[in-house]
Amino acid sequence: MRAVPRRATAAIAVTLASALSLTACGSGGGDDSTSAEGKVEGNITFQTWNLQANFKDYFNGLIKEFEKEHPGTKVKWIDQPAEAYAEKISAGAAGGTLPDVVNVSPDLVAPLAKAGLALDLDKAAGKYEKEYLPGAWASHQVPGLDGTYAFPWYLNTGPLFYNKSLFKKAGLNENKPPRTYDELFTASLEIAEKSKGEVATLANVPSIEDFGRYGVRTMNKEGTEFTFNEPKGVELLERYVELYKAKALDSQALSATPESAGKKFLTQSVAMNPGSALDLAKFEKEAPGLYKNIGITDMVTNTGKNNMYVMGVMVNAKSERKPAAVAFAHFVTDKKHQEEFARKVAIFPSTKGSLDDPYYTKQDGTDETRVRVAAAQSLKDAVNYTPVLLSDQMKKELQNAVARALQGKESPKAALDGAVEACNRLLQQS
């Protein structure tokens, strides 16, 4: 299945936005009303993102349950493959064949909302907001627009692994891993110094999420310009330059992938790295010395709130069966059904109270549970730090700017100023 990763979809968003500007109608060419009042009846279509192969029985059962609860309804399920999903949505939106209920991520919902094709749930279904975690409900809001444009569905986040032995060797308290960036930078420099540059603490350069967790305002409220070059953003990059020079940031961080960073952690040349229960199983088998010294903690943050990856369920604003579409979208994402779905795969429900269940709070000695409990607790007040309007091309501009600063080709301020200018130019073109 597609969990909630950093999706390579926003490059399509420019094309999607352009296509949407050419059309004024969606599925069925219904009216422009935001009201979802009325009898829940009629035929609707429901589109998911690469879920049929592994969860066919679950969704068929879900649909059957909804149709039984609402006589006179019929739900047609359409599942699209992972590849070219954004293009499928673009074609449906432009051609007036967008399904009534659509599985989306925040970056996909933004152009649809701007084109008037995503139903504003604050107006049409605001009574349901109280059922969801605040950060999850807010994740499908679009800067510059009033409203919320998808029900939050499943969530994910990454706990942080750290090597207790490497912390102890550096004279640090192995039971008190860094929680803030100041603590992280201090520990990183200490580990690099004590190991004479043989052990780095981090294997990855800062991403937009790091800027958010550091406390940087990444975009203005109007959604008209990026602001991650503000003084606090420059400060973050300056600190990373310091780490890089001191060998506290891995020398290959500029070209690191999740796989290469994981290997560095496995070989104990890096002291901290995000991970999953699958990684723990790998460590136990391939690196028992590391496995017995694994610590699990939250991702470092100055805001006190972790980052969440989130998936949503959007209602087509042009649907001719809005009452049924809204009812089904809520049905898919309500507490009962989210909790059922989350038990089938390593994801987390976005509904209030769900993460207080013993399934997410009680340890049973297994690696899977160790990671699940650690991740679940960090999600209760987590937020999505990645601006919904930040495209993959824009992310590349930031990545290149970070590289120039670390390599000493530009000052951190000049590098971020250039990245913001390029991203704002791309934003105006979208």
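Biologist: Which residues does Thr 227 touch, not counting residues up to four places away in sequence?

Modeller: Thr 227 is placed in the loop between α9 and α10, where helices are DSSP runs of H or I with at least four residues and strands are runs of E with at least two, numbered from the N terminus. Contact means heavy atoms within 4.5 Å. With residues up to four places away in sequence set aside, the partners of Thr 227 are Val 216, Arg 217, Thr 218, Met 219 and Asn 220.

Biologist: What kind of model is this, and which pLDDT do its local features need?

Modeller: Residues are numbered from 1 along each chain as its sequence is written, and side-chain values use heavy atoms, with hydrogens and water left out. This is a predicted model, in which totals for chains, interfaces and linings use all residues, side-chain atom pairs count only at pLDDT 80 or more, and local features need pLDDT of at least 70.

Biologist: Is Thr 227 buried or exposed?

Modeller: A residue is buried under 20% relative accessible area, exposed over 50%, and partly exposed in between, using a 1.4 Å probe and protein chains only. The relative accessible area of Thr 227 is 5%, so Thr 227 is buried.

Biologist: How far apart in space are Thr 227 and Leu 184, C-alpha to C-alpha?

Modeller: Along the sequence, 43 residues separate Thr 227 from Leu 184. In space, their C-alpha to C-alpha separation is 24 Å.

Biologist: With which residues is Leu 189 in contact, leaving aside its neighbours within four places in sequence?

Modeller: Leu 189 belongs to helix α8 and, at 25% relative accessibility, counts as partly exposed. Leaving aside neighbours within four places in sequence, the contacts of Leu 189 are Glu 242, Leu 243, Ala 246 and Ala 248.

Biologist: Which residues does His 337 touch, not counting residues up to four places away in sequence?

Modeller: His 337 is part of helix α15, residues 335-342, and is buried at a relative accessible area of 2%. Its C-alpha atom is separated by 14 Å from that of Glu 69, 268 residues apart along the chain. Not counting residues up to four places away in sequence, His 337 touches Tyr 58, Leu 62, Glu 65, Phe 331 and Val 332.

Biologist: Where does Glu 410 lie, and how far in space is Glu 410 from Asn 173, C-alpha to C-alpha?

Modeller: Glu 410 is in the loop between α18 (392-406) and α19 (412-429), and is partly exposed, with a relative accessible area of 30%. Not counting residues up to four places away in sequence, Glu 410 touches Arg 404, Ala 405 and Ala 415. From Asn 173, Glu 410 is 237 residues away in sequence and, C-alpha to C-alpha, 36 Å.

Biologist: What is the phi of Lys 196?

Modeller: Most residues other than glycine have a negative phi. Lys 196 lies in the loop between α8 (181-194) and α9 (208-214) and is exposed, with a relative accessible area of 73%. Although Lys 196 is not a glycine, its phi is positive, at about 55°.

Biologist: Near what value is the phi of Lys 247?

Modeller: Lys 247 is in the loop between α10 (231-245) and α11 (258-266). At 52% relative accessibility, Lys 247 counts as exposed. Its phi is positive, in a residue other than glycine, and is near 65°.

Biologist: How many helices and strands has the protein, and what share of its residues is buried?

Modeller: The protein has 19 helices and eight strands. Of its 430 residues, the buried share is 54%.
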